[in-house]
Amino acid sequence: IGCNNQKEEPTVLCCSPPVDFYLFVDKKSSLRQDFLNNKGEFDKENVYFYQLLDKNTEKKYDTNFNFGVSSPKKEGYDVLSVYPTPFLHTGKTEILYLKNKTKSYKIEYVGTQGKCCTVQFKEMHIDGIKNNDFILK
């Protein structure tokens, strides 16, 4: 039985990839400058999400930066995002890094993927500190 409670052929996929992964950066934070270049624009050269395949090999992911968020819950923040993120929703702790021009953040993420590609966030730590509000501090 597929997503719409209808019989489906096993080759028919009923879902799309899991949602984006977001981190929020306070526009008033001194950390914000580490994500911008000298012109005040998103530093595409030095800022990206990645995973380590081995000690010396990074797998980079396309990273987006959106200035200002219109959501009332996260007003006053810029958003760093990566899409798609099926590699984060395995049910085990997955490690993702965020690099900028001054440092790399280690993000330990636990999420699951359920029936029809629904995803559920379980827990996250940034540099060893529990951070379930997705705000980079």
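Asp133 and Lys137 form a salt bridge, their closest N and O atoms lying 3.0 Å apart; the term denotes a side-chain nitrogen of Lys or Arg within 4 Å of a carboxyl oxygen of Asp or Glu. The model is predicted, so local features need pLDDT of at least 70 and side-chain atom pairs count only at pLDDT 80 or more, while totals for chains, interfaces and linings use all residues. Residues are numbered from 1 along each chain as its sequence is written, and side-chain values use heavy atoms, with hydrogens and water left out.

By this rule there are three salt bridges.

| Salt bridge | Closest N and O atoms |
|---|---|
| Asp133 with Lys137 | 3.0 Å |
| Asp127 with Lys103 | 3.2 Å |
| Asp78 with Arg32 | 2.4 Å |

The pair of Asp78, in strand S5, and Arg32, in the loop between S1 and strand S2 (48–54), links distant parts of the chain, 46 residues apart; strands are DSSP runs (E, at least two residues), numbered from the N terminus. Asp78 is buried at 0% relative accessibility, and Arg32 is buried at 15%. Buried means under 20% relative accessible area, exposed over 50%, and partly exposed in between (1.4 Å probe, protein chains only). Asp133 is partly exposed at 27%, whereas Lys137 is exposed at 66%.

Methods:
Helix = DSSP H or I, 4+ residues; strand = E, 2+ residues; numbered from the N terminus.
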